[in-house]
Structure formats: C-alpha cells, structure tokens
Amino acid sequence: VQLVESGGGLVQPGGSLRLSCLASGFTVAFSYYAMSWYRQAPGKERELVADISSGGGGDITLYADSAKGRFTISRDNGKNTVYLQMNSLKPEDTAVYYCKARRFGSFYWGQGTQVTVSS
C-alpha cells in the first residue's frame, strides 16, 4: 500500500493550496477506505485536520475547528485520490500534512508534504 501526497509548498498568508493524496496497492477498492488529512507542526503532535468517510452512500466529512470554513476534503474514487483544498491560509497552518487511509483495524500513512505559510 502506498499513499503519496503532493501539492504542498510555500504560500503567502491568505493564499490557497490544494493537496492531493494518491493511493495505490490496496487489496480492496479505494472507496472502502475512510481517508483523513493530518498535520504536524514542529514541536507539536500530529493532529487531525479533516476526515471523509468510505462507501458510496454519500461522503460524510468532519473537520478540526481550525479547519472549519477554510478547508474542504473531497475524494475521487475513480482516481484513488483524496484532496484537501485549503483557503485563507494562516502562518499557523504551517506543518507537514499527511494523508491516512483506514479500514477496520488497518491504517496506512503517506510520507507527508510540507506546507509553509509565510510572507
């Protein structure tokens, strides 16, 4: 199983970035996995940013308070990809962003992509 994040970079405060996480190697369809974005800033613990449910019955999403109203998580099961659209970025959003796939008791992490918000 491999999760590869992309789309990070340096952006000014107030700017936007769209992160992508491409999944491969699953033994069952990507759609069966719930997907999440986490982030870890220097000296801090890894924290949940956003989560999107599995299944085809309509995506259920949840967000950390810090992400509500600014970030949007979505998935394209046909492309085995989950996205995180980040708008109105703030310096405190600076972190390494990781995607995570989970299904029952199994979970997988990507290697992360750096997001730096600075003028």
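This is a predicted model: local features need pLDDT of at least 70, side-chain atom pairs count only at pLDDT 80 or more; totals for chains, interfaces and linings use all residues.
Reader: Which residue forms a disulfide with Cys99?
Author: A search of the whole structure turns up 1 disulfide (cysteine sulfur atoms within 2.5 Å). In that pair the sulfur atoms sit 1.9 Å apart. The partner of Cys99 is Cys21.

Reader: And what is the relative accessible area of Cys21?
Author: Cys21 is a buried residue. Its relative accessible area is 0%.

Reader: Which hand does the disulfide have?
Author: Look at the torsion about the S-S bond of Cys21 and Cys99, which is about 40°. With that torsion, the disulfide is right-handed.

Reader: How many residues apart in sequence are the parts that this pair ties together?
Author: Cys21 belongs to strand β3 (residues 17–24) and Cys99 to strand β9 (residues 95–103). Strands here are DSSP runs (E, at least two residues), numbered from the N terminus. The parts tied together by the pair are apart in sequence by 78 residues.

Reader: Where is Thr81, and which cysteine is it in contact with?
Author: Thr81 lies in strand β8 (residues 81–86), and it is buried at a relative accessible area of 7%. Leave aside neighbours within four places in sequence, and Thr81 is in contact (heavy atoms within 4.5 Å) with residues including Ser20, Leu22, Phe30 and Arg75. Also among those contacts is the cysteine you asked for, Cys21.

Reader: Which strands stand at the edges of the open sheet?
Author: The open sheet has 4 strands in the order β1-β3-β8-β7, with antiparallel pairing (at least two DSSP bridges between two strands). Each edge strand has a single partner, so one side of it is left without a neighbour in the sheet. The edge strands are β1 (2–6) and β7 (71–76).

Reader: Which residue in β8 does Arg75 stand opposite?
Author: β7 and β8 pair in the antiparallel sense over 6 bridges. Within β8, the residue facing Arg75 is Val82.

Reader: How many salt bridges are there?
Author: The rule asks for a side-chain nitrogen of Lys or Arg within 4 Å of a carboxyl oxygen of Asp or Glu. One of them joins Lys68 to Asp65, with the closest N and O atoms 3.2 Å apart, and Asp65 is exposed at 66% relative accessibility. By this rule, the salt bridge count is 5.

Reader: Which residues do salt bridges that share partners join into one network?
Author: Arg39 meets Glu47 in a salt bridge at 2.7 Å, N to O, and Glu47 is partly exposed at 37% relative accessibility. Arg39 also meets Asp93 at 2.9 Å, a pair linking strand β4 (residues 34–40) to the loop between β8 and β9, 54 residues apart. Arg39 and Asp93 are both buried. The whole network is Arg39, Glu47, Arg70 and Asp93.

Note on methods:
Residues are numbered from 1 along each chain as its sequence is written. Side-chain values use heavy atoms; hydrogens and water are left out. Buried means under 20% relative accessible area, exposed over 50%, partly exposed in between (1.4 Å probe, protein chains only).
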